[in-house]
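Open the model in your viewer and keep the selection panel at hand. The stops below go from the interface to a pocket and then to a cavity.

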Amino acid sequence: MSWETVIGLEIHAQLATRSKIFSGSSTAFGAEQNTQANAVDLGLPGVLPVVNKDVVRMAVRFALATDAAITERSQFARKNYFYPDLPKGYQISQMALPIVGEGVVRIVMPDGTEKNIGLTRAHLEEDAGKSVHDMFEGSTAIDLNRAGTPLLEIVSEPDMRCAQEAVAYAKHIHSLVRYIDICDGNMQEGSFRCDANVSIRPKGQSEFGTRAEIKNLNSFRFLERAIEFEVERQMDVLESGQEVVQETRLYDADKDETRSMRSKEEANDYRYFPDPDLPPLLVEPSFIESIRQEMPELPTVRRERFVTEFELKPDDAAALTADRTTADYFEAVIAGQAFAPKLASNWILGELFARMNKESLELTDAPVNAERMAGLLNRVHDQTISGKIGKQVFDEMWSSSDSADDIIDKKGLKQITDTGAIEALVDKVIEDNPSQLAEYRAGKEKLLSFFVGAVMKASRGKANPAQLNAMLRDKLKP
Amino acid sequence: MHEKTLAEQSRLLASGEISSSELTNHYLERIERLDGDLNSLITVTGAAAKKAATAADEKRKAGDDSPLLGIPIVQKDIFCTKDVLTTCGSRMLENFVAPYDATVVSKLDTAGMVNLGKANMDEFAMGSSNENSYFGPVANPWNRKCVPGGSSGGSAALVAARLAPAATGTDTGGSIRQPAAFCGLTGIKPTYGRVSRYGMIAFASSLDQGGPLAHTAEDCAMLLQAMAGEDERDSTSSHEPVPDFSSSLQQPLTGLKIGVPEEYFSAGLDDAVASCVQSSLAEMEKLGATLKSVSLPNQSLCIPAYYVVAPAEASSNLSRFDGVRFGHRCENAQDIEDLYKRSRDEGFGSEVKRRIMIGTYALSAGYYDAYYLKAQKVRRLISDDFANAFADVDLVAGPTTPTPAFETGAKSDDPVSMYLNDLYTVSANLSGLPALSMPCGMVDGLPVGLQLLGNYFDEVRVLNAAYQFQQATDWHTLAPNGIE
C-alpha cells in the first residue's frame, strides 16, 4: 500500500524576556540552582502571578509576523497536574482563548519549492522547573530556575507531508522568532523545542490516521530522524494488521528510535479552567499598532526586495536574509557605495562566512565590520587591487584593526596599472623563457596562462590582469 | 480600656490619655488570662507587639497622628506574616513561616497598628463554625457551647471577648459576616478587588476578599481605609479610587432606598431572627430610609453554584501543598506518589479533603460543562438579579444568617445543613458586591446579624447606613458575660 505522512508541529519558543512571565525573577540561563526562583516561582502560599507585559508584546510581534489573528481578550487557564518540578500543582497556560489565533507561514524547501503551512494558534504559558535525577543517590533534586520562564507554544496545522517539510517549517519558525527578536533560538539550552504529531494514512484517504506525539526534539536532525523512524514504525504496525495507538513517544537519539512514554488512557485529566488570579488579557488595538510600527522588515519580504532592488540571485538573497544580523550587515556594507551589491554578496557569503565558519564565530563577533568591509570592496571595485590581492588584504584586516587602504599602502599592494611598468615585466618574462615562446608561436596557445602567471608572479600579484593579458597577447604574436 | 471601640481608642491615643504600650499590655494581659477557654488565637506575638507599641508611642511623640497608630489588632492566620507562623488553621502549615507580609499586613503595619498575633480559623477558611481548625475549635464568648461562626471564627470571638479592638478576616462565602453576626460584631466584606489578596492564602480566588471585624461601622471604616487600594502584586485588585470611608458616616438616611428581597424571608429563616431583622428595618425607616420590596429570583441557586465554584478553585489552589517545597511532609516516603498521597492525607483535615474532591470532580473532563461552567452562568444570573435590584434601590438588606449561633457539634455530621448557613452570604461573593453584617438584636442570649449589601465599590453608603443605625441603637455595645 502507498502511504501518506501527516505531520503537525508544536514548537515551544522561550521568549527572550529579562524576567519571568509572572514574576520579576531573572530568566538568565546557567545560574546556580534555585537562585532565580522567588516566592511566586516557588508557588508559596498567598502569592499571585502578574503578567509581564514584554511577553504580550512578543506574542503580538509573532502574530504580526505570521499574519495571525490577535485575540483582543485572551485568557490564562490553569492546567492541573502534580509533578515535583511544577510548584503550584498547575501550569498557567492558555486554553480556550489563546492570544494568537490562526495564521500562515510560507516555507521554502531546499529545492526552492514553496508551500504554505497553516498555524492553528500560539499561546503563552510558563515553563516548569527541572528534575535532576543524577545529583543525589536515590533522590531527585529540583531546580526551579526555569520555572515561570515564558514560552510561546506555536501550534501548526497538520499541513506537512514529510520529515523534510517539517524541518523546513521548523527552521522557518526558528529563523522568524530570532528575526523578530522574541527568542534566542538556542536549541541546546532548550530555548526552542519541538514536539511532532505524526500519523500516516493510505494515499487518497481524507481522514487522518491515529497520531503519535513525539516529545522534546531539540535539534533539526533529531526532528527529521524521529519522524522518519516513526513513519516507518507506523507503516510496520499497520501493514502487519495492527492499529496505531494514540500515545506520547520519546525520541532516543542514541538508539535512533522512538519509544512509548504514555498512552491516551494514562494521560492526565488536566482540568483546565480560567485562572481566577488573572483577569482576561486585553490587547488594545493601539497597543498592536504601536508594535506594528516597531516591527522589522520580515525575512520573506526582505528576500524579495534583495532580488528586485539589488539584483541578487534568489538563493543568495535567501542566504543573506536567513538571519537579521547578516541582512543588516549586508545593507550596511552597500549603503551609499558605488560597487555592485552583487560584489558585497559574493564577499560576505564567500570570504567572510568561510572565515567565520573556520573560527566558529558569529557575525556580531567578526573582526571585520561593515564599514571596513565596504572600504575593502571599494578598492576592489576601483581596481586599486585585484580580487585576489583583496583576499590577502581581508586576511590582514581580520587580524588587525587597520583599514583596507592602510594595509594596501603599508604593504605596497596597489595594483600596477602603469603601462610602462607592466611592459618591462612582460619583456623580461618573454626574454627569460625563449623555449616557451617558441612553442607558443608554434601554436601552443595554452601557454598564455603560463606567461600570465609568470608576469603576475614577477609583479607580486599587483599587475592589472586585464592590461597584462592584452599586452602579453600582443607581444607574443609571431 | 477594652470597653472602648477602636475609634474611641484612636481619640484617646491622639489626646495622650492612653499610650499604645498601655493599650497593648492591657490586651496582652487579657489574652493571657481569657483566651484559654476561647482558643481564638493560634499565635501570640507579645514581644514584637510590645516593641511595636513602644515604636508607635515614639512616633506619636514625634508628631505622627495617623488614626490607627498604636492600636492593637489581630491578623487572621490566613494572612502571611514575615517571620511569624502562618498556619491557615492547618496541620499542613503547622510550621510554615512566610518570607513576606501579605499586603493587608504591611498596610496595617504602615498605618502603625500593633499586631498582637494570629487568629484561629477554619482550616484553609473552609467552614462556618471554626470546628475545622487543626488547632481546635473556638468557643463563642456569648455562649461557650456555641460556635463563633467561621471561617474567621477566631477573629470574631477574640474581638467579641475584647482581646483586641479589631481583627482582620477573609470572606469567601460569608466568613467575615457570619462570624460577625454570631459574635455580635460589625464586619465588612468589601467589593471584590477592593482589598489586595497578595499574601492571603487562597481558598477560592474569584470569591476571596479580606476585610475587618470590629465593634462598629465607624471602626470598620477606619480599618478599611488602611486596607484598601490597588496592589501591583494582585492583578485582580481594582484600580477604582479609594474614597474616604469615614467622610459620609454622618449623613442622614433621608431618601435612602433599601431593598428587601422577598426571597430572604422564606423557608429556612428562624422566626425570631426574622423578627429582629424586621424591627431593624423599621428602625431604618424611622431614620428616613424607604423600604422597597425587591426580588432576587435566582437566590435559591446561590448555594449550589457556590459549592461548585468555591471547591473547584480550591482544588486547584491547594495543589501546591504537596510536601515537596514547604509545609507538611510525610515520613519515609517510598516514592513521589507516596509522598504526595501521605503528605496530603496527613496534612489536610476532612472538610478540606471533601472540598478538594468536590472541586476536582466539578472540573473533570465530561463534568466541567455540567458543573463548573453551569455554575459560572448561574453566577452571572445572580449578578444580574442584583443589577436589577440596584436599579431601584441604594442598598439591599436582610438577615446575615438563618439562625443565631448553633451549638458546637450540632451540624458537624451534616455538611449540607452546615452549608445552608451561608444561604444569605454567598451571593455577595458570587457577585462581588460589598456586604456588611452588624448586630441587630438578641435571641436567647445570642446576637443576630443584619446584612447590608451595596452596589459595586459603594462601601461608603453601606458604612453610612450601618453607622446611622448604630447611632440610634445599642446592639453593637452589648458585651458577653465572663470577659471582665
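What follows is a list of selections and what each one shows.

This is a predicted model, in which local features need pLDDT of at least 70, side-chain atom pairs count only at pLDDT 80 or more, and totals for chains, interfaces and linings use all residues. Residues are numbered from 1 along each chain as its sequence is written, chains are lettered from A and ligands numbered from 1 in the order in which they are written, and side-chain values use heavy atoms, with hydrogens and water left out.

**The interface**

Select the two sides that touch: 39 residues of chain B are in contact with 29 residues of chain A (contact means heavy atoms within 4.5 Å). The two chains bury about 2,600 Å² between them, 59% of it on carbon and sulfur atoms; buried area is the accessible area (1.4 Å probe) that two parts lose on being put together, summed over both.

Next, show Arg197(B) and Asp277(A). They form a salt bridge, with 3.0 Å between the closest N and O atoms; the rule finds one such bridge across this interface (a side-chain nitrogen of Lys or Arg within 4 Å of a carboxyl oxygen of Asp or Glu).

Helices H9 (302–317), H10 (336–347) and H11 (350–363) of chain B each give two or more residues to the side touching chain A. H9(B) gives the most, five residues.

**The second largest pocket**

Centre on Arg73(A), Leu278(A), Pro279(A), Pro280(A) and Thr236(B), which lie nearest the centre of the second largest pocket among its 49 lining residues. On a 1 Å grid over the protein atoms alone, a pocket is an open set with protein on both sides within 12 Å along at least five of seven lines, a cavity is a set of points where a 1.4 Å probe fits but cannot get out, and lining residues have an atom within 4 Å of a point. The volume of this pocket is about 1,900 Å³, the space filled by probe spheres set on the points, which are joined across faces, edges and corners.

**The largest cavity**

Finally, go to Val40(A), Asp41(A), Lys88(A), Ile92(A) and Glu126(A), nearest the centre of the largest cavity, which 20 residues line. About 150 Å³ of space lies in this cavity.

Technical notes:
Helix = DSSP H or I, 4+ residues; strand = E, 2+ residues; numbered from the N terminus.
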